[in-house]
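Please read them with the structure open.

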Amino acid sequence: MGITGASGSPYARALLKALIRQSLQVHLVVSRSAITVMAEEMGLHFPDNEFDVGTYLADTSIPTDSVVLYNEYNVAAGPSSGSFRHLGMVICPCSMKTLGSIAHGTGGNLITRAADACLKERRRLVLVPRETPLNLIQLRNMVTVTEAGATVLPAMPGFYSQPQSIEDLINHLVLKILDSLGVETDSTLRWKDQ
């Protein structure tokens, strides 16, 4: 899982919690820009600007021992290699800079290098952009990564579940992400035939 500097920090936190609750080991890379956005959107401040999983989750009932944290500049870390075994990768939120880097195969940090490895190994790669409006370059980058095998899953709320809170909207998006990753979950947020 990569977290980049696009708006949408609450989505990433809810997704990380959901993955941990599914008893999955999560290999996590958080960009410096994401840390800046977390401070702005969630009021989170990390000592020495170093990401801390426990502080981010802000929930003592969530075990953090299943999260392996990597430095975004460690392009020699396991997830950068195609031989690193995993079920797939999600970048939530995915900045347009990250999307563009993946679309053009530049792999300048661990997040984009790991995404590139997913594409070349034909593993699931889910990108969750949260930007509007979109310009033509961004749209073309989305087409490029889709043609390469990624799933572009924009952070767009659905209202058919009759959400009662922002948390309901966040959880609906998390369900869509988990489905795209192939992670089985039970949810009351699914469409129900009348």
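This is a predicted model: local features need pLDDT of at least 70, side-chain atom pairs count only at pLDDT 80 or more; totals for chains, interfaces and linings use all residues.

1. Secondary structure. The protein chain has seven helices and six strands. Read from the N terminus, the order of elements is β-α-β-α-α-β-β-α-α-β-α-β-α.

2. Overall dimensions. The radius of gyration of the protein chain is 16 Å, close to the 16 Å that the globule rule gives for 194 residues, so the chain is as compact as a globular protein of that length. The C-alpha trace spans about 45 × 40 × 30 Å along its principal axes.

3. Burial and contacts. Of the 194 residues, 46% count as buried. Take the contacts between residues at least 6 apart in sequence: 72% of them join residues at least 24 apart.

4. Surface and charge. The protein chain exposes about 10200 Å². Carbon and sulfur atoms supply 50% of that area. There are 16 positive and 18 negative side chains. The centres of these two sets lie 7 Å apart.

5. Main core. The largest nonpolar core has 37 residues. Met1, Leu28 and Tyr56 have the most contacts inside this core. Two or more residues come from each of α1 (9-21), β2 (26-30), α2 (32-42), α3 (53-57), β4 (88-94), β5 (124-129) and α7 (166-181). Helix α1 gives the most, with eight residues.

6. What does Met1 contact, leaving aside its neighbours within four places in sequence? The list is Ala12, Leu15, Leu16, Leu19, Val26, His27, Leu28, Val29, Val90 and Cys92. One of these partners, Leu28, is itself among the residues with the most contacts inside the main core.

7. Second core. A separate core of 22 residues is also present. Its members include Phe84, Cys94, Met96 and Leu127.

8. Helix α4. Is α4 (residues 96-103) mostly covered or mostly open? Mostly covered: seven of its eight residues are buried. They are Met96, Thr98, Leu99, Gly100, Ser101, Ile102 and Ala103. Met96 also belongs to the second core.

How values were computed
Residues are numbered from 1 along each chain as its sequence is written. Side-chain values use heavy atoms; hydrogens and water are left out. A nonpolar core is a set of buried Ala, Val, Leu, Ile, Met, Phe, Trp, Tyr and Cys residues joined through side-chain atoms within 4.5 Å. Buried means under 20% relative accessible area, exposed over 50%, partly exposed in between (1.4 Å probe, protein chains only). Helices (H or I, at least four residues) and strands (E, at least two) are DSSP runs, numbered from the N terminus. Contact means heavy atoms within 4.5 Å. The radius of gyration is taken over C-alpha atoms; the globule rule is 2.2 Å times the number of residues to the power 0.38. Accessible areas come from the Shrake-Rupley method with a 1.4 Å probe; for residues, only the protein chains shown count as cover. Lys and Arg count as positive and Asp and Glu as negative; His and the chain ends are not counted. The place of a charge is taken as NZ of Lys, CZ of Arg, CG of Asp or CD of Glu.
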